[in-house]
Amino acid sequence: MSDPYIPTFSKPLDQFPMMSKRIGLQGAPHSGKTWAAMTFPSPIIVFDFDNKMDAHKHRNDIHILPFYDHEWCLAKGKELKLDNMLSRDMVKRWDLFRKLMALEIPKFQPGQTVVIDSWTMLQNNYDLWFVAHPTVSTESGKVDNRVFYKNKGDFSLLILEMFKGCKANLIWTFHESKEEDADGKPTGRYNPLMSGRVKEVLGQHFGDWYRQTAETEIGPDNKPTGKTLYQWQIKPNTTCKCSCSVKHLIDSNAMYVPANYSSLLPPKQKDG
């Protein structure tokens with residue numbers, strides 16, 4: 001066999017810094033997604049659209065960008081010279097998010113965590129903005145929803161591609177919906193709550209995709225203990241198209257692990 005060719009400007013993978021996690025985290029409301037995200041290494045920067053951080057107000061290692069706050073968004077939009085931030089009582093949060101991502105993503109460093117909480121609420125803002133500002137076809141004079149869905153797909157892909165350059169751990173939370181067949185009957189599968197073409201390829205943009213669950217703990221006597229078990233489903237089945245890149249979890253038989261950053265650490269590191 002002749003000598004293999006290796007570009008002189010390439011570098012062996014083991015010489016790269018430790019790769020940060022890029023995780024999509026879907027689950028029902030109040031299943032503990034935000035709480036689980038707060039177990040990742042700090043400082044933690046939260047792009048907060050949901051305004052559900054009260055339980056963590058005692059922590060000074062969590063820093064909030066309050067996208068839920070109208071006045072904050074308008075002030076920041078003015079500072080960044082964004083046009084048309086307020087129209088028909090709607091605040092264009094999605095455009096401020098896009099601009100801040102372009103500015104801030106290159107600055108985050110390994111060892112810290114960035115949380116988008118939640119992508120669902122960001123998408124809701126995008127949807128509502130364009131419901132209030134529809135695109136009308138010059139030919140038919142009617143609202144052209146094809147333009148809306150194309151633009152939404154382009155916006156979503158732009159953000160997803162932008163985040164691939166993030167050096168920090170990156171956690172995106174998604175609400176979920178029950179999948180239905182053509183007759184409207186539940187299939188038993190749960191999908192991230194999102195419309196448009198990007199929904200089908202979301203998983204391709206994340207190294208890991210977990211489904212968060214919250215179930216009542218059952219004791220040895222088969223009775224509820226009064227405690228709630230918060231877990232991540234980390235492998236795919238008929239319920240969810242999960243994926244996992246963590247070697248010791250891939251090698252294990254586990255379908256579920258505790259919904260905590262420590263579950264992702266190698267056993268020796270966790271114990272030490």
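How many salt bridges does the structure hold?

1. The structure holds 10 salt bridges, a salt bridge being a side-chain nitrogen of Lys or Arg within 4 Å of a carboxyl oxygen of Asp or Glu. This is a predicted model, in which local features need pLDDT of at least 70, side-chain atom pairs count only at pLDDT 80 or more, and totals for chains, interfaces and linings use all residues. Residues are numbered from 1 along each chain as its sequence is written, and side-chain values use heavy atoms, with hydrogens and water left out.

2. Helices (H or I, at least four residues) and strands (E, at least two) are DSSP runs, numbered from the N terminus.

3. Helix α3 (residues 93-104) packs against helix α5 (residues 145-163) at an angle of about 25 degrees, their axes 10 Å apart. Axes are lines fitted to C-alpha atoms, for helices over the stretch in contact, and angles run from 0 to 180 degrees between N-to-C directions. The angle makes α3 roughly parallel to α5 (angles under 35 degrees count as roughly parallel).

4. Trp 94, Phe 97, Arg 98, Met 101 and Ala 102 of α3 meet Phe 155, Leu 158, Ile 159, Met 162 and Phe 163 of α5, with contact meaning heavy atoms within 4.5 Å.

5. At the start of helix α2 (residues 70-79), a side-chain oxygen of Asp 69 reaches to within 2.9 Å of the backbone nitrogen of Glu 71. Lys 81, which follows α2, has a positive phi, near 60 degrees.

Technical notes: Parallel < 35°, antiparallel > 145°, perpendicular 65-115°, else oblique. Polar contact = N/O pair within 3.5 Å; in protein donor to acceptor, adjacent residues only side chain to side chain.
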